[in-house]
Amino acid sequence: MTKTVHAKVVIIGSGPAGYTAAIYAGRAGLRPLVLKGLEAGGQLMLTTDVENYPGFPEAISGPEMMERFQKQAERFGARVYQEDVTRLDLGGRPFRVESSERAFTADAVIVATGASARWLGIDSEQRLVNRGVSACATCDGALYGGSPVAVVGGGDTAMEEALFLTRFASRVTVIHRRDAFRASRIMAERVQRHPRIAILWDSVVEEVLDVARQEVTGVRVRNVKTGAVTELPVAALFVAIGHEPNTAMLQGQVELDAKGYVRTENTRTNVPGVFAAGDVQDATYRQAVTAAGSGCMAALEVVRYLEHHGIEPAGGVQRPR
Ligand code: NDP
């Protein structure tokens with residue numbers, strides 16, 4: 001490991017929240033350090049077209065959007081490392097952040113680690129992950145060209161996955177545990193109107209077949225109203241049932257809510273100098289644009305916090321490089 005480097009602010013995470021925080025902190029002259037993490041770019045890296053981020057009337061792909069965010073942050077002096085944080089100590093001052101390659105001390109930390117896909121939690125699902133069970137249609141959909149596939153979930157993610165999969169699959173079946181989608185109306189209508197998408201309402205996946213063959217051949221589905229159990233032959237199952245906040249390394253260090261999200265007030269956590277932005281502290285909206293907005297707030301809060309503690313930026317507003 002190289003010697004410890006001190007930064008005024010370390011930003012952990014590189015989705016819309018982390019990069020927006022880096023843009024604002026960079027422009028405030030703070031030379032922020034961004035630890036991108038192994039899921040660099042966050043959930044937008046798994047998204048095809050982003051149609052609801054203002055300013056992109058023709059839509060933009062998630063990965064391209066994140067590349068632009070990163071460039072913009074770097075233009076204002078952000079130093080970006082593609083490393084995961086392995087150790088975080090928010091107990092003393094300065095804070096201490098370690099990755100596999102480096103160690104940092106920091107006057108302020110912004111946590112923007114987002115959330116990760118949730119799994120059904122059944123044994124056969126876990127045993128077939130990456131063998132036909134996936135949480136990312138964008139990543140794996142093309143592998144199942146010409147075959148029937150299924151998507152579990154009733155939110156916007158499930159709708160987006162189902163629509164995307166129609167590019168490859170012969171038929172897409174959406175399996176949802178209730179009789180109405182949670183997704184936004186526009187997405188739900190697109191799914192319901194699509195000629196190659198079928199919907200199994202009131203249904204839950206009981207088992208993914210076939211563990212013995214180490215590949216997905218179908219799913220056993222139970223109708224929760226009638227109790228009827230049926231088998232649906234599919235070559236892949238895409239699980240799209242929401243997300244869990246990435247807060248494992250914060251356990252016992254900052255206050256979390258019952259679902260594990262960081263408790264914040266205007267991005268401030270209960271530890272002075274530690275801020276959180278984006279999905280890691282937002283179980284409600286979880287949009288790219290709201291994440292970006294809270295990243296901006298966190299950086300402005302950091303500036304106020306550092307000023308209050310007499311810590312000056314490197315010298316005036318950072319000029320673009
Ligand atoms: P949501 O929490 O909105 O939806 C999760 C879905 O999975 C719900 O329908 C839920 O059912 C179902 N579900 C949860 N747990 C289980 C389980 N154990 N078994 C079976 N089904 C389960 O998550 P999303 O990831 O879909 O969306 C998160 C946020 O991101 C939302 O705000 C959404 O609007 C946004 N988003 C927007 C997009 C866009 O606009 N292009 C694209 C993707 C996401 P139930 O309804 O019964 O609770």
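How far does a polar side-chain atom of Glu160 lie from a nitrogen atom of the ligand? The separation is 3.2 Å, which falls within the limit for a polar contact, a pair of N or O atoms within 3.5 Å. The model is predicted, so local features need pLDDT of at least 70 and side-chain atom pairs count only at pLDDT 80 or more, whereas totals for chains, interfaces and linings use all residues. Residues are numbered from 1 along each chain as its sequence is written, and side-chain values use heavy atoms, with hydrogens and water left out.

In the side chain of Asp156, an N or O atom is 2.5 Å from an oxygen atom of the ligand. For Arg178, a side-chain N or O atom is 2.7 Å from a ligand oxygen atom. The ligand taken alone exposes 910 Å², and the protein buries 80% of that; these areas come from the Shrake-Rupley method with a 1.4 Å probe.

Helices (H or I, at least four residues) and strands (E, at least two) are DSSP runs numbered from the N terminus.

Across the whole structure, a search finds seven aromatic pairs. Rings of Phe, Tyr and Trp (its six-membered ring) pair if their centres lie within 6.5 Å; planes under 30 degrees apart are stacked, over 60 edge-to-face, and the rest tilted. One of the pairs, Phe181 with Trp201, is tilted, at 4.6 Å centre to centre and 45 degrees between the planes. Phe181 lies in the loop between strand E12 and helix H6, and Trp201 in the loop between strands E13 and E14, so the pair ties together parts 20 residues apart in sequence. Phe181 counts as buried because its relative accessibility is 13%, while Trp201, at 28%, is partly exposed. Buried means under 20% relative accessible area, exposed over 50%, and partly exposed in between (1.4 Å probe, protein chains only).

Methods: A polar contact is a pair of N or O atoms within 3.5 Å; within protein, one must be able to donate a hydrogen and the other to accept it, and residues adjacent in sequence count only if both atoms are side-chain atoms.
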